[in-house]
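Open the model in your viewer and keep the sequence panel beside it. This tour tells you what to select at each stop.

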Amino acid sequence: MERKKQIILNDSEFKKIEILYNTKGLGEMDMITRLKEEFPLYWRKGVFLEMLLNKVIKEKSAELLEFIIDIENFSNYKDRGLNLMYNLLKEDWHYSHEEIVHSISDIGNLDSLPVLREAVLIDPSLIDSFAMHNYAIRAIFDIAGKDALPILLGLRKEIDEDASPTLEKIIKRCEALQ
């Protein structure tokens, strides 16, 4: 199987995005329009998100990560970028963990379930986010419905029950649907 080449913005392209990001008074829709105008080929090919996230990871730019999460509709990408977002969940140089889980859940397909499950297993002390775990648990149920029960029961075995009352509540809701 051939490995796909990682796509990363070059420094001048990244600088253009940073300038747009720092433009005062530029609203979200104007920002998206300007990015589409500035990078039409990348946008049309659907690789813009992947390129930005690769650059954010390389540069460890917490500010730009927040910006991407604010402007981008991740549900347009389905599983494109899902692994990148999961990798970002494990990083401690930013504080966007909860927002990333929201973005993953917005994708809303069954392919996102393993990533959401892994998000629950990330040590919350590493990223200072217990809310992320609770949201990931709820998202698993929202996406899979009653079919989430095996995933949730598996999580129960892997984490301390007392650490997640949300997990127990969602398991009860799921069991009620069986």
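Select Ser105. Buried or exposed? Ser105 is buried, at a relative accessible area of 12%; buried means under 20% relative accessible area, exposed over 50%, and partly exposed in between, with a 1.4 Å probe and protein chains only. This is a predicted model, where local features need pLDDT of at least 70, side-chain atom pairs count only at pLDDT 80 or more, and totals for chains, interfaces and linings use all residues. Residues are numbered from 1 along each chain as its sequence is written, and side-chain values use heavy atoms, with hydrogens and water left out.

Ser105 sits in helix H7 (residues 97-107). Helices (H or I, at least four residues) and strands (E, at least two) are DSSP runs, numbered from the N terminus. Now show what touches Ser105. Leaving aside neighbours within four places in sequence, Ser105 is in contact (heavy atoms within 4.5 Å) with Tyr135, Ala139 and Ile143.

Next, select H8 (residues 113-121) and H10 (130-144). Two packed helices are described by the angle between their axes and the distance between the axes. Here the axes come within 8 Å and cross at roughly 155°. Axes are lines fitted to C-alpha atoms, for helices over the stretch in contact, and angles run from 0 to 180 degrees between N-to-C directions. That makes H8 roughly antiparallel to H10; angles under 35 degrees count as roughly parallel, over 145 as roughly antiparallel, 65 to 115 as roughly perpendicular and the rest as oblique.

Which residues make the contact? From H8, pick Leu113, Leu116, Arg117, Ala119, Val120 and Leu121. From H10, pick Met132, His133, Ala136, Ile137, Ala139, Ile140, Ile143 and Ala144.

Move on to helix H12 (residues 165-177). Its 13 residues should span 18 Å at 1.5 Å a residue, and its end C-alpha atoms are 19 Å apart, which agrees. The expected span is 1.5 Å times one less than the number of residues. Color the buried residues of H12: Thr166, Leu167, Glu168, Ile170, Ile171 and Cys174. They pack against H10 and helix H11 (149-158).

Finally, zoom out. The protein chain has twelve helices and zero strands. Buried residues make up 45% of its 178 residues. Among contacts between residues at least 6 apart in sequence, 64% join residues at least 24 apart.
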